[in-house]
Amino acid sequence: MKIIMPLATAAFSPALPATRRPLLWAALLFASVASVTPALADNHEELPDVTTTALTGTLHMLQGRGGNVVASVGDDGLLIIDNDYDNMALAYEAALTDLAGADANPLFVLNTHWHFDHVGGNLFWADRGAVVVAHSNVRQRMSMRQEMPAMNRVLEPSPVGALPVVTFGDSLALHFNGDDLEVQHYAAGHTDGDSVVYFTAENVVHMGDLFFKDRFPFVDIGSGGSVPGYIAAVQAVLERVDGSTVIVPGHGSLASRADLESYLNMLQITSAAVSEKLAAGESVEAIAEAGLGDAWTTWGGGFINEATWISFIANSQ
Ligand SMILES: [Zn+2]
């Protein structure tokens, strides 16, 4: 089994302006070239890189261009959580074949939410026999045209074959490869269809986009997200994890409970500060102009800068 440690840990976003994507893409390829094994490079020269990191037991994290992916590989077969952009499917197939051997088709594909940097491979894997599972709001949003004004994007309805075929409301239990998975929905956070997947035996959690490690989050208010709901979800996850839990964020590198506490701290302090200023009559523009202070500068280094984060807080009031 080849284990390739990630070199690039930046969050890659669906929201990047199209003009910036080729540059970033080139940068990622350049940064990652050292991590491609010769065999993989020989066989799949044309494929984008997917880095694989062993977590614990049957679990692995895979990182390409979009949201982080977790794979469970064991006696029951293969299960994956999220699957990046649609044009990454062949690269993931190669990476999963490295992990699981020739029969690398997942039996189950779980979606943490509907965004296209997390569910882009649904059709590819469903065509190969996977059962796609998600919260009912994921199926509903993928079924309909979606406008994302904050990202200046419009998404046409997904093909029927890409839609989740098993949907749930509050939670779902799945028993696979010797572990008991608890898939818990959190309302009105990043979207209205966010799920966190708890691998209870392995003590690994995939948080989807309820966690952008060390970065201000994207809160998709047009998809039913809200900053207060987002904070409540992060608090709820913190109550369930311990110091040994391995936390996989939607974007960014592997994280610990301490990282998630730091994230919650940022969310609470910055949103309270902005809310206070709004209540005192300050405009969003004036708050953005003044800034949040030096303590939070590095959090704006991802695709959500400080002004955008302030606007999410204001639009959640
Ligand atoms: Zn998302």
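Hi everyone, let me start with a pair of helices: α7 and α8 are roughly antiparallel to each other, a label for angles over 145 degrees. A quick word on the source: this is a predicted model, where local features need pLDDT of at least 70 and side-chain atom pairs count only at pLDDT 80 or more, while totals for chains, interfaces and linings use all residues. Residues are numbered from 1 along each chain as its sequence is written.

Back to our pair. Helix α7 covers residues 227-240 and helix α8 residues 257-279; they pack at about 150°, with axes 10 Å apart. Axes here are lines fitted to C-alpha atoms, for helices over the stretch in contact, and angles run from 0 to 180 degrees between N-to-C directions. The crossing of α7 and α8 is left-handed, so the near helix is turned anticlockwise from the far one by less than a right angle. On the α7 side, the contact residues include Val 227, Tyr 230, Ile 231 and Val 234, and α8 brings, among others, Leu 260, Tyr 263, Leu 264 and Leu 267. Contact means C-beta atoms, placed from the backbone, within 7 Å. By type, the residues of this contact are 10 nonpolar, 3 polar and 1 charged. Nonpolar covers Ala, Val, Leu, Ile, Met, Phe, Trp, Tyr, Cys and Pro; charged covers Asp, Glu, Lys and Arg; the others, Gly among them, are polar.

What else does α8 meet? Its axis and that of helix α10, residues 306-315, come within 10 Å and cross at roughly 60°. This crossing is right-handed. Ser 271, Val 274, Ser 275 and Leu 278 of α8 touch Ile 310, Ile 313 and Ala 314 of α10. That contact has 5 nonpolar residues, 2 polar and no charged.

Now the sheet. It is open, with 5 strands in the order β10-β11-β12-β13-β14 and mixed pairing; strands pair if DSSP finds at least two bridges between them. β10 (171-176) and β14 (246-248) are the edge strands. β10 pairs with β11, residues 179-186, in the antiparallel sense over 6 bridges. Leu 174 has Leu 181 in β11 as its bridge partner. And here α7 returns: α7 packs on the sheet, touching β11, β12 (194-199) and β13 (204-206), and its direction makes about 10° with that of β12.

Finally, the whole protein: 10 helices and 14 strands, where helices (H or I, at least four residues) and strands (E, at least two) are DSSP runs, numbered from the N terminus. Of its 317 residues, 46% are buried, meaning 20 or more other C-beta atoms within 10 Å of their own.

Conventions:
A residue is buried if 20 or more other C-beta atoms lie within 10 Å of its own, exposed if 12 or fewer, and partly exposed in between; C-beta atoms are placed from the backbone. Angles under 35 degrees count as roughly parallel, over 145 as roughly antiparallel, 65 to 115 as roughly perpendicular and the rest as oblique. Two residues are in contact if their C-beta atoms, placed from the backbone, lie within 7 Å.
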